[in-house]
Amino acid sequence: MKKKLSLLSTATVIATMMAGAAFAQERVVNVYNWSDYIDESIVQDFTKETGIKVVYDVFDSNELLETKLLAGGSGYDVVVPTGNFLARQIQAGVFQKLDKSKLPNLANMWDVVSERTAKYDPGNEYSINYMWGTVGIGYNQKKVQEALGIDKIDSWDVVFNPEKLAKLADCGVYILDSPTDIIPTTFKYLGIDTESTSPEDIAKAEEALLKIRPYVRKFHSSEYINALANGDICLAIGWSGDVFQARDRAAEADQGVIVDYVIPSEGAEMWFDQLAIPADAKNIEEAHEFLNYMMKPEVAAKATNYIYFPNGNKASQAFIDKEIIDDPAIYPDEATLAKLFTVSPYDPKTQRLITRSWTKVVTGQ
Amino acid sequence: MAEATASLSSAAQPAAPSFGDRMFQALTSRLVIIVPYLWLLLFFLIPFVIVFRISLSQTAIAMPPYTPVFSLQDGLAAFFDQLRELNFDNYVWLTEDPLYFNAYVSSVWIAAVSTFFALLVGYPVAYGMARAPAAWRPTLLMLVILPFWTSFLIRVYAWMGILKPEGLLNQLLLSLNVIDTPLLIMNTHTAIFIGIVYSYLPFMILPLYSALEKMDYSLIEAAQDLGCTPISAFWKITFPLSLPGVIAGCMLVFIPAVGEFVIPDLLGGSQTLMIGKTLWNEFFANRDWPVSSAVAVILLLLLIVPIMIFQFAQARAQEQGR
């Protein structure tokens, strides 16, 4: 929260500074990114280097971004949707194709990531990768050790086996309130194809989730960061970077809470946040310059060093801190990488089915 | 007709001093009525018509995500073609899944319980304020309004800090040895009730206070002179006279509480089913703007129809009373 506030105030300072120096033609780029998702000095450096003023604004859910984009006239020149949202938005005609002649730094990108993002954006015509991550288990080492007698979690069994989760219920379990992440993850544990859209499979996932429902304190997509950090809960299914944030906050607070993150051995979902330019963007030239700047190896590395998310920039890896690049929970090794799966966007009918199943799991209705 | 002749005759006699004045008065009194109507039209009726229109469309993967989209450029023929595409399928859909009905019922129930407790807490506060020395009243009123100076969201977050298992309330009760295990209030219905009652309490107190303050307290003295105990005087005199304030306060709390989304999301558990969350799911998770619009239209009707019936009944009662 503090970080977010200082970020916003910096953006305002930049804005007023630039407004003061506004000469004849002021070049601007309006960026809409996730909250707590950039080292603010990157934005300042970009302005220093190119003279383009950055109006930086933040959001906290894909749904919010999508609604703004679909309503049209969002006023943003660069936005950062997640892969499966991006795919549907491309179909709806929200984005414009990138002018790759203006993006020479595309050569720096990492094929391991680009070939996976092509699933959402065929040929990577509309977007470039900013960051990616996984959906795994964040947990309080000491409390899990006390409840289950194990030092490390390595399997989804801890979550999906009702007997095991029951032992953790008292100290608190959170799960992401995000059916499009949790249902495919449940499929993975049940050995069902993670891309399945069949009503029978969804019903099986629902049944498995209903069995563990009594032991889940809450389904929520952001509260678990603080809850883990404060030691209020002992386990959460969450997004990798968020859990690392909780880990750092716990370490800073120094109250004896040690948070760890694991990509379970069965495999986990891999997601991608993509930079893209809306079709109705006004400052297309500046947006391309911003994208190209973000793909500079030093810049991409700086971003990752600050937010602990892996990026899709191969050349940047030489500049990334050793503790990050060598941490298999952040940059998974080859074997783990092979086990990660991606999820395609759902058609409206399947989406409705999944939301309905999810409501039943979450509320019992 | 009589008016027309009158104005004609007065127009024929420009010397008549009252004409201009009367016109001006008529105009201003009209204007005074027109302003609230314009407000209603602009900020209630037009948005409602737009939402209602979307509720008759179908979803599409497009910008905006529904069809048909009416555009003035297409001409009149296209407009009527598109008009025929509208239908009530989304409303039929709402009846096919018990989810929506249950969500409505549970929202109304949560709002009703919260309103009851807000009245229970708000009435004594308002009564005390109204009976306080006149010099204190502005300060007391100020204190009721004061919480509005802080963001609503931050105040709800503060309640999270109070109610959570390691929160202030549990620490206090544990240290006083009232309880030996922390109470689990956070993420339950109780937490939602506390949140709603706390947040909406000023809306209950203010109309109650204004009704009680205007009351003539010599009536109570008269009742007591005639042999009423203080309690029966309260029920026979004070409460009936404050009834308009009670009703206004209950409406002001109940109506926004039915559609409440933030408090159940932050303080309530996941198991709480409320119409606000259902609407959110339809709009954001399913990207189904038409169905979510239908949910919103029904919610509005559910709230407005009882209010209109109530107002109608009240107007009738007043007429009969005369």
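Helices (H or I, at least four residues) and strands (E, at least two) are taken here as DSSP runs, numbered from the N terminus. The structure is a predicted model, in which local features need pLDDT of at least 70 and side-chain atom pairs count only at pLDDT 80 or more, while totals for chains, interfaces and linings use all residues. Residues are numbered from 1 along each chain as its sequence is written, and chains are lettered from A and ligands numbered from 1 in the order in which they are written.

The predictor assigns the complex an ipTM of 0.76 and a pTM of 0.79. Two residues are in contact if their C-beta atoms, placed from the backbone, lie within 7 Å.

Chain A is divided into domain 1 (2-126 + 277-331) and domain 2 (134-269 + 343-363), the bounds coming from an automatic or database domain assignment. The centres of the two domains of chain A, taken over C-alpha atoms, are separated by 28 Å. Between these domains, nine residues of domain 1 are in contact with 10 residues of domain 2. Helix α4 (residues 83-92) of chain A provides the largest share of the side of domain 1 that touches domain 2, with three residues. By class, this side of domain 1 has six nonpolar, one polar and two charged residues. In this classification Ala, Val, Leu, Ile, Met, Phe, Trp, Tyr, Cys and Pro count as nonpolar, Asp, Glu, Lys and Arg as charged, and the others, Gly among them, as polar.

Strand pairing in chain A was examined next; two strands pair if DSSP finds at least two bridges between them. Strand β1 (residues 28-34) of chain A runs parallel to strand β2 (residues 53-59) of chain A, and seven bridges join the two. Within this pairing, A:N33 has A:V58 of β2(A) as its bridge partner, and A:W34 has A:F59. Strand β1(A) is also joined by two bridges to strand β3 (residues 78-79) of chain A, again in parallel. Here A:Y32 stands opposite A:V79 of β3(A). In a regular strand the side chains alternate between the two faces of the sheet.

Together with helix α2 (residues 40-50) of chain A, β1(A) and β2(A) make a right-handed β-α-β unit. A crossover is right-handed if, with the strands pointing away from the viewer, the path from the first strand over the helix to the second runs clockwise. Strand β1(A) is largely enclosed by the rest of the structure, because six of its seven residues are buried. A residue is buried if 20 or more other C-beta atoms lie within 10 Å of its own, exposed if 12 or fewer, and partly exposed in between, with C-beta atoms placed from the backbone.

In the loop between β1 and α2 of chain A lies A:D36. The phi of A:D36 is near 55°, a positive value in a residue other than glycine. A:D36 counts as partly exposed, since it has 18 C-beta neighbours inside 10 Å. A positive phi, near 45°, is also found for A:N124, likewise a residue other than glycine. A:N124 is placed in the loop between α5 (111-117) and β4 (127-140) of chain A. With 20 other C-beta atoms within 10 Å, A:N124 is buried.

Elsewhere in chain A, helix α8 (residues 162-169) contains A:A169. A:A169 has 17 other C-beta atoms within 10 Å and is therefore partly exposed. Although A:A169 and A:R217 are 48 residues apart in sequence, their C-alpha atoms are 7.3 Å apart in space.

Chain B contains two cis peptide bonds of note. One runs from B:M63 to B:P64, with omega near -15°, and B:P64 is found in the loop between β1 (58-59) and β2 (66-67) of chain B. Another joins B:T67 and B:P68, with omega about -5°, and B:P68 is found in the loop between β2 and α3 (75-85) of chain B. 

At the interface between the chains, 20 residues of chain B are in contact with 23 residues of chain A. Helices α5 (98-131) and α13 (275-285) of chain B each supply at least two residues of the side that touches chain A. The most is given by α13(B), with three residues. By class, this side of chain B has 10 nonpolar, eight polar and two charged residues.
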